[in-house]
Amino acid sequence: MTGETDLRTLLASMAPELLDGIYVFARLEPGVPQPEGLEPVMVFREREGTTLIVTEEAARTMGLAASFRCRMITLNIHSSLEAVGFLATITTRLAAAGMGVNPVSAFYHDHLFVPAERAKEAMALLLKLAEDSAI
């Protein structure tokens with residue numbers, strides 16, 4: 001199962017879904033283990049430390065320093081990890097509206113973490129992009 005690679009199909013067929021909850025990006029120092037019971041949406045290890053995307057509530061409960069209060073939008077189309085231009089087109093559209101976004105690609109879908117207070121605006125922009133691409 002390789003996923004869709006055609007850019008126009010990806011854009012026209014994406015079905016953005018705004019998930020419930022507020023997420024944050026938290027960080028652990030190198031060598032510090034992930035707190036027991038914590039279930040991050042994403043874990044990424046870098047030389048400088050480990051980044052965790054977790055709910056704001058989980059970060060608070062675990063005493064983790066966090067930043068970037070955001071909402072998660074899942075683009076419900078199985079995009080190929082080799083697709084060219086999909087996230088570039090999306091992030092360019094959001095950037096034109098002055099909106100920062102942190103995209104994450106997983107095996108089946110792409111996910112966008114957008115500022116919590118601008119999530120509905122991001123959804124409107126994504127739905128318009130999909131509509132425009134279907135023409």
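Okay, helix H3, which spans residues 86–96, has these buried residues: Phe-86, Leu-87, Ile-90 and Leu-94. They take up an arc of only 85° around the axis, which puts them on the same side of H3. That arc is taken from the directions from the helix axis to the C-beta atoms. And "buried" means under 20% relative accessible area, with exposed being over 50% and partly exposed in between, using a 1.4 Å probe and protein chains only. When I say helix or strand, I mean DSSP runs numbered from the N terminus: H or I with at least four residues for helices, E with at least two for strands.

Before I go on, this is a predicted model, where local features need pLDDT of at least 70, side-chain atom pairs count only at pLDDT 80 or more, and totals for chains, interfaces and linings use all residues. Residues are numbered from 1 along each chain as its sequence is written, and side-chain values use heavy atoms, with hydrogens and water left out.

Back to H3. Why would residues a few places apart end up pointing the same way? An α-helix has 3.6 residues a turn, so residues three or four places apart do just that. Now, what covers the buried residues of H3? The cover includes helix H1 (7–13), strand S5 (66–75), S6, S7 and helix H4 (119–133), where contact means heavy atoms within 4.5 Å. Then, just after H3, Gly-98 takes a positive phi of about 75°.

Next up, the aromatic rings. You describe a pair of aromatic rings by the distance of the centres and the angle of the planes. Here, rings of Phe, Tyr and Trp (its six-membered ring) pair if their centres lie within 6.5 Å; planes under 30 degrees apart are stacked, over 60 edge-to-face, and the rest tilted. How many aromatic pairs does a search of the whole structure find? It finds 4. One of them is Tyr-23 with Phe-113, an edge-to-face pair at 6.0 Å centre to centre and 75° between the planes. This pair links distant parts of the chain: Tyr-23 is in strand S2 (residues 23–28) and Phe-113 is in strand S7, 90 residues apart. Tyr-23 counts as buried because its relative accessibility is 10%, and Phe-113 counts as buried at 1%.

Phe-113 also pairs with Phe-25: the ring centres are 5.9 Å apart and the planes sit at 85°, so that pair is edge-to-face. Phe-25 lies in strand S2 and Phe-113 in strand S7, so the pair ties together parts that are 88 residues apart in sequence. Phe-25 and Phe-113 are both buried.

Okay, charges now. Side chains of opposite charge can pair when their charged atoms come close. The rule for a salt bridge is a side-chain nitrogen of Lys or Arg within 4 Å of a carboxyl oxygen of Asp or Glu, and by that rule the count comes to 6. Let's start with Arg-60 and Glu-56, whose closest N and O atoms are 3.7 Å apart. Both lie in helix H2, 4 residues apart, about one turn of the helix. Arg-60 counts as exposed, at 58% relative accessibility.

Which other residue does Glu-56 form a salt bridge with? That would be Arg-69, with the closest N and O atoms 2.6 Å apart. This one links distant parts of the chain, since Glu-56 is in helix H2 and Arg-69 is in strand S5, 13 residues apart. Arg-69 is partly exposed, with a relative accessible area of 43%. So here's the picture: Glu-56, Arg-60 and Arg-69 are linked in a network of salt bridges.

Over in helix H4, Asp-132 and Lys-128 meet in a salt bridge at 2.8 Å, N to O. They're 4 residues apart, so about one helical turn separates them. Asp-132 is partly exposed at 31% relative accessible area, and Lys-128 is partly exposed at 41%.

Last stop, in the loop between strand S6 (102–105) and strand S7 (110–115): Tyr-108. Tyr-108 counts as partly exposed, at 44% relative accessibility.
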